[in-house]
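Student: I would like to go through this model with you. Can we start with how its helices pack?

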Amino acid sequence: IISGFLFFQKAVNEERLKKQIFRILKLYGVWIIAYFPINMYSYWKEEMSISQMVLDFIKKTIFSGSYYHLWYLPSLIIALYIVYVLGKKYNNKRILTLTGILMIIGILTNTYTVFLPDVVDKIYLRYCDIFLTSRNGLFMGAFLVAVGKSISDYTKKWKDIRIFLPLLIISILALYGEGIWLSNHNNGGIINIAFTTVAVATFLALIFIVELPQIRVKPKLRNLSTLIYCCHPWIIFIVGLTDHFGILLNTGLKAVLTLILTIMVSWVVVKLDEKIKVFKILM
C-alpha cells in the first residue's frame, strides 16, 4: 500500500515506471545472489539433483521469489505494472473492483485451500505446478498497490481520521478472530494473509498517511527499512546455526536475538555506506 501511495503520488508515465521497475530488479538481483548460498544449502540437505536444483531455482526466482521473503520484489513489479496499465483506462473504483476480485481469489486459494471444493483445488494445484503460488503481484499485490494509488488521489479530501479509528479497531479484532478460526481449521498450514489483514493494513495506512502528510522519509531510514526486510532471513539462518554448536536457545530467545542482530547489522551497513559506496547496491 505504501509503495503504491509513494509511486502514484507523483505523475506517472512509462519512463518513470520503467525506472522504478529497473530499480526494483537491481535490488532483487543483488539479494538473489546474497541468498544463493542458503538456497544451495537447502538443495544439498534435500539431496536434489542438479537438474532439479536449476529448475526449482529458476521457477522460484521468476514466480515466487528465489528465497521465501523475496516474493515481495517481483510481486511489486507486476503489481505496479498492472495498476499503471489499468489506470490508463479505468478510474480508481473500477481498478479496485478488478484487482479486488483477484485479491479474493488469491486469499481463497492461498489461505483457505482446505475449504475449497475438490474441483477448484485440483485447478489450483495445476496452476501451482507452473506458477507455484497465488501469493504474487497478480492475485495479491495489485489490489494493495491500487489501494495506495487511491489513497494518493484522495488524501486531500480526508481531513479527519476519526472516522477510520473505529474501523481499525473492529478490523483488528476481526483479524484475531479470523486468525484463530483459521488456525483451528487449516491443519497446521501457514497463514500468509487473511481477508482482515487487508482491512487492518488499509486503515493503518489511511490513518498514518492522512494524519501525518508532512512526514518525509529520510533516505537513511528508507535504506534501513529495506535492509531489515531483505537481510532478516540471513540472520534467522545464522542464529539457527547455534544449535549445531551446542548452544541451545529456546524459540523466544532466538526471536529476540534475531530482531536485535537484524537491526544492528542493517544499521552498520547503512553507516558503512557513508564511507564505502558499494553497500548502496544492498538498498
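Tutor: A crossing is left-handed if the near helix is turned anticlockwise from the far one by less than a right angle, and right-handed if clockwise. The model is predicted, so local features need pLDDT of at least 70 and side-chain atom pairs 80 or more, while totals for chains, interfaces and linings use all residues. Residues are numbered from 1 along each chain as its sequence is written, and side-chain values use heavy atoms, without hydrogens or water.

Student: Is the crossing of α6 and α8 left-handed or right-handed?

Tutor: Helices here are DSSP runs (H or I, at least four residues), numbered from the N terminus. Helix α6 spans residues 92-110 and helix α8 residues 137-154; their axes lie 7 Å apart at about 145°. Axes are lines fitted to C-alpha atoms over the stretch in contact, with angles from 0 to 180 degrees between N-to-C directions. The crossing of α6 and α8 is left-handed.

Student: How are α2 and α5 oriented to each other?

Tutor: Helix α2 (residues 14-34) and helix α5 (residues 72-87) have axes that come within 9 Å and cross at roughly 170°. Angles under 35 degrees count as roughly parallel, over 145 as roughly antiparallel, 65 to 115 as roughly perpendicular and the rest as oblique. Therefore α2 and α5 are roughly antiparallel.

Student: How many nonpolar residues does the contact of α2 with α5 have?

Tutor: Contact means heavy atoms within 4.5 Å. Residues including L17, I21 and Y28 of α2 meet partners including L73, L76 and Y84 of α5. Ala, Val, Leu, Ile, Met, Phe, Trp, Tyr, Cys and Pro count as nonpolar, Asp, Glu, Lys and Arg as charged, and the others, Gly among them, as polar. The contact has 1 polar and 1 charged residue; the nonpolar count is 13.

Student: And how do the residues of the contact of α6 with α8 divide?

Tutor: Among them are I95, L96 and M103 in α6, and F139, F143 and V147 in α8. By class, the contact of α6 with α8 has 2 charged, 6 polar and 15 nonpolar residues.

Definitions and conventions:
Helices (H or I, at least four residues) and strands (E, at least two) are DSSP runs, numbered from the N terminus.
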